[in-house]
Amino acid sequence: MELSGKKAFCFLALKHHSRFLLPVTRELERQGMEVKYLTAPAEMPFELTLQEEGLPYVHTQAYLDPAVAAVIDEAYRRVRAAWREKFLAAEVLHHFTLPVQDKTLRAHTENFYLFRRMFEAEKPDLVLALHELNSWGKMLGYLSHEFGVPFVTMQEGLYYAPAAVYRFHTEYSSACLVWGEATREVLVRSGGSAEKIFVVGNTHLHAVLERERSREAIERTRHELRIRREDKIVTLLMAGLGYDKGFIFPQTLLDWARAHPDWALLFKWHPVTNKLTVEQVSRALASLDNVRVLQDFDTYRLLAASDLCVVFGNSTSGLEALAFGKPLIEVELPGLDYSFAREGVADPVSSLAELPVALERAVASGVPDDRRRKVDDYLRRNLDRLDGKSVERCVAAVKIILAARESPRRAAAVTRNAADFQCSVIVPLSGASGGLETLLGVAEHTGPSYECMIAAPAGSERQPEWLDSVGGDVSVVRSEQDTPGALCNRAAEKARGRYLCFLRPGWVPQKGWLEGLLQELERDPNTGIAGGLALFADSLLAHAGIALDANLTPVHLYQYLPANFTGAHRRRRMRAVAGCLLVRREAFEAAGGFDERYRTFWSELDFCFRAGGKGWTVAYTPQSLFVCLGRSHDDDPDDRLLFFGRWTGHLWPDQESYWAEEGLDPEGLSSLYREVARGEERSCRG
């Protein structure tokens with residue numbers, strides 16, 4: 001995938017965030033992509049970041065013209081009128097001055113419509129942002145959705161706030177790139193889209209470690225800070241919140257520092273900490289020669305030169321200290337959900353007053369072997385691989401997303417063979433298990449006239465042993481390509497049925513399955529695809545059609561609810577079905593067949609969406625029943641990138657509208673799932 005001629009928007013916010021995004025954008029630029037760095041009104045810190053990084057940037061005000069100004073004024077009046085009603089009705093808002101609220105409303109309105117004008121004028125191919133869970137991230141995400149532009153977001157480190165706030169980190173993102181599995185789990189647990197999250201590793205630490213851990217670099221840092229080679233260095237990472245007027249450093253710590261001039265204590269606060277707060281709380285340290293407040297000094301140089309690191313409050317820098325191989329001590333604070341000590345990678349102390357004893361003990365005892373093993377596992381879970389290839393993985397993801405926008409590899413024109421059968425049942429064997437059970441189900445439960453075609457890779461070593469023994473009414477079609485789409489397309493070219501039925505291995509048809517699907521196509525000439533109801537072996541629902549959740553992600557509607565749940569027994573129009581697709585030939589040709597790039601059955605969803613784009617409707621019917629073998633499915637990250645890159649701007653949530661048909665809201669549905677879980681628990685106990 002060539003990046004030359006492609007254009008990306010990049011919103012780069014605070015300076016300490018630039019280290020995550022810039023390695024990626026600079027590599028994209030090196031490969032030919034034009035990157036436009038954006039800033040907007042009332043975002044002065046962001047503009048300063050761009051200036052300090054020496055990046056050319058464009059201000060949204062450059063796109064302000066009389067027409068846009070008129071739109072902004074009109075929109076602001078509508079927003080202000082709506083807000084006025086909220087203001088009058090909500091007493092808590094009366095505590096905030098109206099001019100401040102007006103200023104905020106005006107700024108957000110301007111930002112939105114000026115960003116919108118930038119999209120119209122520049123027509124970007126891609127939008128990059130650190131994450132989407134903030135005002136400008138949501139604006140860019142929504143506009144990317146509106147204009148059909150892929151939106152790639154990244155996550156900057158540890159997740160130590162309550163998980164519920166992370167639910168919509170993946171609402172508009174085409175791909176959310178995270179450092180490690182630990183972050184992915186937090187986002188998924190909070191309700192984020194598992195399908196949109198991709199573990200790529202940390203984009204900057206590998207280069208930083210190589211640069212700063214050298215003996216020369218460490219000696220340069222010591223010399224610059226005037227710290228003797230024999231002195232111990234402790235970096236104290238003071239996080240950024242909770243420093244009220246009553247905060248003081250304990251006298252015990254100050255006395256210890258004064259009595260140990262061979263220990264250098266280096267304090268650094270999180271960049272979001274107010275400068276006046278730092279000055280206020282650090283006054284007590286001014287008289288100590290071996291204690292420094294180094295707010296503007298490079299954090300990584302301090303970590304590399306340190307013998308020990310201390311975290312006071314939550315900070316991603318604690319994770320980075322461990323990556324530098326430094327022993328970590330955590331001053332435990334009440335009310336924090338995240339703790340390095342509880343993760344088993346830091347020594348806990350209950351207060352700063354206890355820190356001197358902990359420091360001396362850590363130096364005397366070193367890091368025990370079991371702690372080192374825990375740290376190694378912790379780093380793998382949070383940083384994946386520090387192999388220097390994370391930027392490469394990010395760029396590869398971008399290329400797949402952009403390639404999805406280009407013409408896919410699809411089927412050749414389907415030959416209009418004589419309709420010798422009512423249906424051609426095509427089972428693609430792309431290394432999946434369950435094929436034999438599916439064929440036996442077809443043979444036992446299919447009434448209408450049909451031909452059965454097994455589509456298999458040519459010369460594949462993974463083909464099942466039974467394949468060579470099939471015959472009679474079953475034919476085998478070979479394909480040089482082994483993706484499900486390619487297999488289905490090759491078989492469709494030779495099919496002689498009036499309708500084409502694509503049946504996934506592991507889906508076992510039950511009595512009347514094909515008749516139920518045929519009724520849907522014959523009931524309405526605009527219906528191009530029909531799919532049916534599938535149950536797992538334990539009678540829980542496997543498939544009742546595909547809906548789109550609040551994160552614009554395809555999900556199996558009502559999956560894991562009991563088989564008798566009424567919502568699964570309604571005929572309905574849907575965006576997509578999966579597992580078994582009965583397809584009208586005209587719809588197959590209009591959609592161009594299956595996209596052969598997908599290596600898993602994401603190709604089924606893509607096909608349904610393309611057929612829908614050509615005006616064909618997709619029907620779900622409970623009159624066609626299958627048993628689904630196994631609950632796992634093949635995952636291919638590239639397929640997910642391909643799908644969300646292709647369909648950005650064409651996805652919208654509809655899952656809750658189906659819930660409403662059953663009189664359910666999210667809490668009501670959760671209650672049903674809890675009942676199922678309790679039933680399974682009782683079954684296990686029994």
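**Figure 1. Helix H17 and the second largest cavity.** Helix H17 gives the most to the lining of the second largest cavity, with three residues, where helices (H or I, at least four residues) and strands (E, at least two) are DSSP runs numbered from the N terminus. This is a predicted model, in which local features need pLDDT of at least 70 and side-chain atom pairs count only at pLDDT 80 or more, whereas totals for chains, interfaces and linings use all residues. Residues are numbered from 1 along each chain as its sequence is written, and side-chain values use heavy atoms, with hydrogens and water left out. H17 (484-494), strand S17 (497-503) and helix H20 (602-613) each supply at least two residues of this lining, which includes Pro484, Gly485, Cys488, Phe502, Leu503, Phe601, Ser603 and Glu604. By class, the lining has eight nonpolar, two polar and two charged residues; Ala, Val, Leu, Ile, Met, Phe, Trp, Tyr, Cys and Pro count as nonpolar, Asp, Glu, Lys and Arg as charged, and the others, Gly among them, as polar. The volume of the second largest cavity is about 70 Å³, a volume being the space filled by probe spheres set on grid points that are joined across faces, edges and corners.

**Figure 2. The largest cavity.** Three cavities of 30 Å³ or more turn up in a search of the whole structure, and the largest of them has a volume of about 80 Å³. On a 1 Å grid over the protein atoms alone, a cavity is a set of points where a 1.4 Å probe fits but cannot get out, while a pocket is an open set with protein on both sides within 12 Å along at least five of seven lines, and lining residues have an atom within 4 Å of a point. The largest cavity is lined by 13 residues, with Tyr172, Lys196, Leu552, Thr648 and Gly649 lying nearest its centre. Helix H5 (residues 135-147) provides the largest share of this lining, three residues, and the lining as a whole divides into four nonpolar, seven polar and two charged residues.

**Figure 3. The second largest pocket.** With a volume of about 1700 Å³, the second largest pocket is lined by 49 residues, of which Glu195, Val555, His556, Gln559 and His633 lie nearest its centre. Strand S20 (541-543), strand S22 (554-556), H20, helix H22 (655-661) and helix H23 (666-685) each supply at least two residues of the lining, and H23 gives the most, with four residues. The lining of this pocket comprises 23 nonpolar, 18 polar and eight charged residues.

**Figure 4. Helices H3 and H4.** Helix H3 (residues 66-89) packs against helix H4 (residues 98-122) at an angle of about 140 degrees, with their axes 9 Å apart; axes are lines fitted to C-alpha atoms, for helices over the stretch in contact, and angles run from 0 to 180 degrees between N-to-C directions. That makes H3 oblique to H4, since angles under 35 degrees count as roughly parallel, over 145 as roughly antiparallel, 65 to 115 as roughly perpendicular and the rest as oblique. H3 passes H4 in a right-handed crossing, the near helix being turned from the far one by less than a right angle, clockwise for right-handed and anticlockwise for left-handed. The residues in contact (heavy atoms within 4.5 Å) include Val71, Tyr76, Arg80 and Trp83 in H3 and Leu105, Arg106, Tyr113 and Leu114 in H4. The contact of H3 with H4 holds 12 nonpolar, two polar and seven charged residues.

**Figure 5. Helices H12 and H14.** The axes of helix H12 (residues 316-323) and helix H14 (residues 369-383) come within 10 Å and cross at roughly 125 degrees, and H12 and H14 are therefore oblique to each other. Their crossing is left-handed, and the contact is made by Leu319, Leu322 and Ala323 of H12 and Val375, Tyr378, Leu379, Asn382 and Leu383 of H14. These contact residues divide into seven nonpolar, one polar and no charged.

**Figure 6. Helices H15 and H21.** Helix H15 (residues 390-403) and helix H21 (residues 637-647) have axes that come within 7 Å and cross at roughly 50 degrees, and the crossing is right-handed. Ala397, Ile400 and Ile401 of H15 make the contact with Asp638, Leu641, Leu642 and Gly645 of H21, and the residues involved are five nonpolar, one polar and one charged.
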